[in-house]
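Please keep the sequence and the coordinates in view while reading.

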Amino acid sequence: MEVLQKARALYEKGEMHDALEVAQVACERQPKDAEAWWLLGCISRYTDMPAASDDAFRRAASLSRK
C-alpha cells in the first residue's frame, strides 16, 4: 500500500498517532505532493497541533498553486 493511502486509511479509522507518523513519512518521501501535506495538516489539527497544522496547510496551498 502506498504510504499516503496508508496514512489516509489510518486517519479514517481514527488511529491518529499512527496516521500522523505515516503522513509525516509521506511528506518526507513526496515533499511536492500537496495532498500529502493537506492530510498532514488535517491530522495535525485533529491531534491538537495547530502550528504544525497551519504549516502543513500553507505548504499544501503553496504546492497546489504551482
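**Serine 44 and its surroundings**

Leaving aside residues up to four places away in sequence, serine 44 touches Leu20, Met49, Ala52 and Ser53. The model is a predicted one, and the points below should be read with that in mind.

- Serine 44 is found in helix α3, and with a relative accessible area of 1% it counts as buried, because the cut-off for that class is under 20%.
- One of its contacts, Ser53, is itself listed among the buried residues of α4.

**Nonpolar core**

- The largest nonpolar core has 19 residues, and those with the most contacts inside it are Trp37, Leu40 and Ile43.
- Helices α1 (3-12), α2 (16-29), α3 and α4 each supply at least two residues of this core.
- In soluble globular proteins, nonpolar side chains tend to be buried together.
- Leucine 40, which is among the core residues with the most contacts, touches Leu20, Ala23, Gln24, Cys27 and Ala56 when residues up to four places away in sequence are not counted.

**Helix α4: length and faces**

- Helix α4 comprises the 16 residues 50-65, which at 1.5 Å a residue should span 22 Å; the C-alpha atoms at its ends are 23 Å apart, in agreement with that expectation.
- Within α4, the residues Ser53, Ala56, Ala60 and Leu63 are buried; viewed down the helix axis, the buried residues fall within an arc of 95°, so they line one face of the helix.
- An α-helix has 3.6 residues a turn, so residues three or four places apart point the same way.
- What covers the buried residues of α4 includes α3 (34-46).
- The face of α4 turned away from its buried side carries Ala51, Arg58 and Arg65, which are exposed.

**Aromatic pair between α3 and α4**

- A search of the whole structure finds one aromatic pair, formed by tryptophan 38 and phenylalanine 57, with 4.5 Å from centre to centre and 55° between the planes, an arrangement described as tilted.
- Because tryptophan 38 lies in helix α3 and phenylalanine 57 in helix α4, the pair ties together parts that are 19 residues apart in sequence.

**Salt bridges**

- Aspartate 55 and arginine 58 form a salt bridge at 2.7 Å, N to O, and both lie in helix α4, three residues apart, which is about one turn of the helix.
- Of that pair, aspartate 55 is partly exposed, with a relative accessible area of 46%, whereas arginine 58 counts as exposed at 52% relative accessibility, because the exposed class begins over 50%.
- Lysine 13 and glutamate 15 meet in a salt bridge at 3.8 Å, N to O; lysine 13 counts as exposed at 59% relative accessibility, while glutamate 15, at 33%, counts as partly exposed.

Notes. Residues numbered from 1 in each chain as written. Predicted model: local features only at pLDDT ≥ 70, side-chain atom pairs only at ≥ 80, totals over all residues. Heavy atoms only, no water. Helix = DSSP H or I, 4+ residues; strand = E, 2+ residues; numbered from the N terminus. Expected span 1.5 Å × (residues − 1). Buried < 20%, exposed > 50% of the residue type's maximum accessible area, 1.4 Å probe, protein only. Arc of directions from axis to C-beta. Contact = heavy atoms within 4.5 Å. Salt bridge = Lys/Arg side-chain N within 4 Å of Asp/Glu carboxyl O. Phe/Tyr/Trp six-rings, centres within 6.5 Å; stacked < 30°, edge-to-face > 60°. Core = buried A, V, L, I, M, F, W, Y, C linked by side-chain atoms within 4.5 Å.
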